[in-house]
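Here are some questions and answers for a reader new to this structure. The model shown is a predicted one.

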Amino acid sequence: MQLDLGGRIVDLSVPRVMGILNVTPDSFSDGGDFVSVDRALRRAEEMVDQGAAIIDIGGESSRPGARPVPEGEELRRVVPVVEALRARFDVPISVDTSKPGVMRAAVEAGAAMVNDIYALRRPGALEVAAGLGVPVCLMHMQGTPETMQHEPRYRDVLAEVYGFLEQRVRACRAAGIPQMHLLVDPGFGFGKTLDHNYTLLAGLKRFTTLGVPVLVGVSRKRMLGEVTGRGVRERLHAGVAAAAIAVHKGAHIVRTHDVGPTVDALAVVTAVRAHEHLEAVR
Ligand code: 7PM
C-alpha cells in the first residue's frame with residue numbers, strides 16, 4: 001500500500017508516523033503572528049528530525065467539550081504555518097480541519113492531505129475535498145466534540161464504527177474521490193468509553209479489510225490515563241505501547257505528539273513483522 005502526497009510517494013508497507021502540530025492559541029499567542037509561526041516551524045523541524053513522515057497541522061481544538069472556532073480564525077492560524085512549513089521543509093503536510101474553506105486554503109498553500117474528524121460530513125466538505133484531489137483521512141466520531149463524551153452508546157462498537165467508515169468510503173467514492181486517496185481512522189476517544197476504545201484497539205485488524213490505509217491517534221489520550229493513572233503529560237510510555245499494538249494489529253500510520261519514541265517503537269514492530277514472514281516459510 002502506498003500514499004501519493006503531492007507527488008511524494010509514502011510507502012506504507014512500513015508503518016509511518018504523523019507528527020501533531022497544534023496551532024491553537026495559548027498564553028503566548030493567539031496564532032497567526034510571527035511568534036506562533038516561528039514556534040510551529042521549530043516544533044515541526046524537531047518532528048521531521050525525529051522521523052515524522054507527515055506533519056498534521058490543526059487550528060481547531062477537537063478536545064471533548066471544545067467549542068467550534070470561526071472559519072476566519074482557523075484560517076488565520078493554519079494558512080501561515082502551512083506556507084512557512086512548505087517553504088522550509090520537504091515533509092508532506094496534512095491539514096486537520098472539518099471546514100471546506102480551510103481545506104481549500106490549506107491545500108492552495110501547499111498541504112497535500114486533509115485529516116477530517118467529521119469524515120467530510122459537514123456541509124460542502126465532500127464536494128470541496130473531491131475537487132482538491134488530495135488524500136483524505138475519514139475519522140469516526142459519535143456526536144460532536146461538545147457532546148461526544150456524554151454517555152457514548154453502541155450495540156456493537158466494532159461493527160458500528162466499521163459500518164460508518166465503510167459508508168463514508170462509499171460516499172467519497174461516489175463523489176469522485178479515488179480509493180487510493182482515502183484513509184480510515186476509528187477515532188479513539190471521539191464518543192467512546194474506555195471499554196469502546198480498547199474493543200476498537202483489540203479488534204483493529206478488521207479495519208484493514210476496508211482496503212485503504214488505517215490511521216490511528218492514541219497519543220496522550222484519556223484511554224491511556226485511565227489504565228495507568230497518569231496525567232496528560234505522563235502518558236508517553238503508555239502511548240508508545242498503544243502505538244506499537246495498533247501497528248501490530250494493522251495500522252499503517254500513527255498520529256502522535258511524541259514522534260521520536262514512536263518511530264523507535266515502530267522499528268521494533270517492523271522487525272518482528274519481518275520475522276513473522278520468515279517464520280511462515282521456514
Ligand atoms: C485535546 C484532546 C486536543 C484530544 C486534541 C485532541 C485525532 C485526530 C485528534 C485522531 C485523527 C488529539 C485530539 N485526534 N485526527 N485529531 N485521529 N485522524 O489527541 O485520533 O490530538 S484531536
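Q: How far apart are the end C-alpha atoms of helix α8?
A: Helix α8 covers residues 236-248, which is 13 residues. At 1.5 Å a residue it should span 18 Å, and the model agrees, because its end C-alpha atoms are apart by 18 Å.

Q: Is α5 roughly parallel or roughly perpendicular to α6?
A: Helix α5 (residues 157-174) and helix α6 (residues 194-202) pack with their axes 9 Å apart, at an angle of about 70 degrees. Angles of 65 to 115 degrees count as roughly perpendicular. Therefore α5 is, relative to α6, roughly perpendicular.

Q: How do the residues of the contact of α5 with α6 divide into nonpolar, polar and charged?
A: From α5, V157, L158 and V161 take part, and they meet H196, T199 and L200 of α6. The division is four nonpolar, two polar and no charged.

Q: Which elements do the buried residues of α2 pack against?
A: Helix α2 runs over residues 71-88, and its buried residues include E74, R77 and V78. They pack against β3 (16-22), α1 (34-49), β4 (54-58), β5 (93-96) and α3 (100-108).

Conventions. Residues numbered from 1 in each chain as written. Predicted model: local features only at pLDDT ≥ 70, side-chain atom pairs only at ≥ 80, totals over all residues. Heavy atoms only, no water. Helix = DSSP H or I, 4+ residues; strand = E, 2+ residues; numbered from the N terminus. Expected span 1.5 Å × (residues − 1). Buried < 20%, exposed > 50% of the residue type's maximum accessible area, 1.4 Å probe, protein only. Contact = heavy atoms within 4.5 Å. Axes fitted to C-alpha atoms, helices over the stretch in contact; angles between N-to-C directions. Parallel < 35°, antiparallel > 145°, perpendicular 65-115°, else oblique. Nonpolar A, V, L, I, M, F, W, Y, C, P; charged D, E, K, R; others polar.
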